[in-house]
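I opened the notebook on a new model today.

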Amino acid sequence: MSMFSTGILVLTSPLHTLPLRIAPVLSSAAQVVERTLYVHLHPGLNLGAGGGQPRPVFIQPVVDLSSLITGLYSNAANVCGHLDVRVLLTNVRAQPNNASSPETGGTGVACNPFPSPQPLSHSPEVVLTDYALQDPGQSPLVAQCLQRYTCHCYVCTPGLASVLLHPQLQKLEEEVEEGQKDDWDSRSERMETYSEVVVGGTFDRLHGAHKTLLNISCLLANKRFLIGVCDQELLKKKVLKELIEPYALRVQRLQEFLQDVKPSLQYEIVPLSDPFGPSVIDAQLQCIVVSEETRRGGEAVNKKRLENGLPGLVLHEIQLLKDAHHTEMEEEKISSSSLRSRLLGTLLTDPKNKSHLPPVPYVIGLTGGSGSGKSSIAQQLEALGAVRIDSDQLGHETYRPGEVAYNRVLEEFGSDLINEDKTINRRALGRKVFGNKERLKALTDIVWPEMALLVKERIRQAREEGKQVCVVDAAVLLEAGWTDIVHEVWVAVIPEEEAVSRITVRDGVSQEDAVRRLQSQWPNTQQVEQANVVLCTLWEPEITQKQVRKAWDLLQKRIQQSREGAKPPS
């Protein structure tokens with residue numbers, strides 16, 4: 001079966017059977033669509049012959065619809081996590097009781113929710129459905145009917161393909177006991193909706209739990225939806241904060257998702273620099289959507305509103321989504337921090353073209369701040385087969401009597417630096433450059449180029465010995481501009497408070513000195529911007545070892561693929 005980048009799934013099963021069908025339907029859809037899967041809900045839609053061409057209708061926002069959306073995103077995370085699933089709500093709206101309402105055209109019958117086809121961020125190339133054929137011979141007619149229906153609702157790619165999914169669920173509806181049906185019906189009361197709704201969050205790497213929160217908020221909101229997005233101060237304590245997407249990118253992805261889901265709403269996205277933001281001063285807001293985890297935050301918002309003379313907000317609580325794929329170091333719920341941790345050891349950005357470098361050995365430049373565990377990672381890579389080039393050791397070599405840097409340092413900083421054994425007193429040299437950027441630059445301008453020459457020499461020796469991979473262990477890799485002598489940049493990161501703790505224990509210095517040392521280096525965020533691969537030694541050594549092994553295995557695959565690609569066709 002052909003694969004399509006973007007598809008739209010039209011669900012036609014009755015609401016009470018959809019929870020049983022959704023997992024196998026999504027699994028089947030994932031065999032056809034590989035990137036974005038939109039979901040359009042029209043329970044009871046008849047695509048069979050004899051009923052004429054069906055038209056979209058408004059459906060009521062009932063409690064069971066909220067439960068279905070939660071279950072849909074939960075199942076999607078489990079069975080088709082690679083897909084960007086988006087539940088569309090343009091045709092979900094509370095209908096007025098007044099038959100003469102403009103919304104019903106004065107006829108008492110709801111108007112078409114799609115007066116013109118709705119454009120989506122990604123145009124569907126295929127439409128799929130769970131519609132159950134009564135007669136296999138109807139398949140071509142049902143497919144045509146489905147295509148016309150979908151193109152009436154959404155702007156689709158010309159030549160829209162159609163697929164009738166057959167998840168073998170014919171008997172599932174019969175298996176729903178009558179008592180279960182009654183229970184479903186009893187919970188199918190209409191949802192309370194509100195003019196203006198607010199939520200807050202980081203919204204990093206938009207995932208199923210975020211989408212559930214956003215979709216249900218869109219169900220609840222009739223007019224305006226205010227979203228606060230954590231920025232700056234609120235990110236400082238986040239796990240692997242260096243891997244959090246930039247604020248502008250998170251906002252862009254939110255806007256795209258929300259515009260697809262319910263374009264009729266007025267969206268307002270604002271940065272949050274404190275836990276409350278506009279939620280405690282906006283008098284128009286009526287409802288805040290929380291989870292069991294953030295309910296106390298919602299209660300704190302209401303306390304502030306009352307202090308400000310504003311009415312409290314209705315707290316609408318949603319479920320947390322369980323992460324079926326979480327590891328022992330990850331949270332049980334679907335979370336951005338777990339997704340960030342899974343990025344460790346993987347290729348975050350493609351390496352730049354380094355055609356000026358020999359393909360063998362493949363050179364990794366490994367860097368990181370003081371206390372980051374960079375050298376322990378280098379040792380693990382060495383144990384896996386890489387040649388480790390220790391730039392600290394090479395730095396010491398540049399200061400040896402007779403070396404170019406030795407003479408130039410004495411010329412620049414004075415012969416009073418010479419010890420009795422003719423070596424340079426590096427502690428005294430450090431005092432001369434400490435706190436003086438100009439003098440420090442004068443020193444690094446002498447030493448770093450000489451160190452680079454030694455690194456290149458070690459790489460050449462490794463090539464002559466037939467070595468396949470070298471790791472240049474260098475704290476100054478980025479500051480010295482050595483990225484042009486390595487194929488990839490790997491960065492080790494650690495939270496500053498942990499780095500300070502490690503430095504004070506390891507080197508016997510004060511916390512103040514440790515902080516000053518870190519502040520003299522590039523911050524983690526700046527280093528990560530240059531990284532192809534990021535690693536973190538915050539947790540137990542076994543977890544670091546798994547990261548390094550994953551990074552090594554993926555590296556071997558990249559090297560193999562690059563060499564196969566370089567081979568002339570046979």
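This is a predicted model: local features need pLDDT of at least 70, side-chain atom pairs count only at pLDDT 80 or more; totals for chains, interfaces and linings use all residues.

By class, I find 15 nonpolar, 20 polar and twelve charged residues lining the largest pocket. Its volume comes to about 2200 Å³. I count 47 lining residues on record for the largest pocket, and Leu440, Val476, Arg517, Ser520 and Gln521 are the closest to its centre. I then checked which elements give two or more residues to this lining: strand E11 (362–368) and the helices H10 (374–383), H11 (391–398), H13 (426–433), H14 (437–464) and H16 (511–519). H14 gives the largest share, nine residues.

Next I turned to the second largest pocket, which holds about 1200 Å³ of space. It has 45 lining residues, with Gly200, Gly201, Thr202, Glu293 and Thr294 nearest its centre. Here the classes read 24 nonpolar, 16 polar and five charged. Among the elements that supply at least two residues each, I noted strands E6 (194–201), E7 (221–230), E8 (266–272) and E9 (287–291).

I traced five strands in an open sheet, in the order E8-E7-E6-E9-E10, with parallel pairing. E8 and E10 (314–318) stand at the edges with a single partner strand each, so one side of each has no neighbour in the sheet. Neighbouring strands are turned by 25° against each other on average, direction ignored.

Last, I looked at one pair. E6 and E7 run parallel over seven bridges. Tyr194 has Ala221 of E7 as its bridge partner.

Technical notes. Residues are numbered from 1 along each chain as its sequence is written. Side-chain values use heavy atoms; hydrogens and water are left out. On a 1 Å grid over the protein atoms alone, a cavity is a set of points where a 1.4 Å probe fits but cannot get out, and a pocket is an open set with protein on both sides within 12 Å along at least five of seven lines; lining residues have an atom within 4 Å of a point. Grid points are joined across faces, edges and corners, and a volume is the space filled by probe spheres set on the points. Helices (H or I, at least four residues) and strands (E, at least two) are DSSP runs, numbered from the N terminus. Ala, Val, Leu, Ile, Met, Phe, Trp, Tyr, Cys and Pro count as nonpolar, Asp, Glu, Lys and Arg as charged, and the others, Gly among them, as polar. Two strands pair if DSSP finds at least two bridges between them. Axes are lines fitted to C-alpha atoms, for helices over the stretch in contact, and angles run from 0 to 180 degrees between N-to-C directions.
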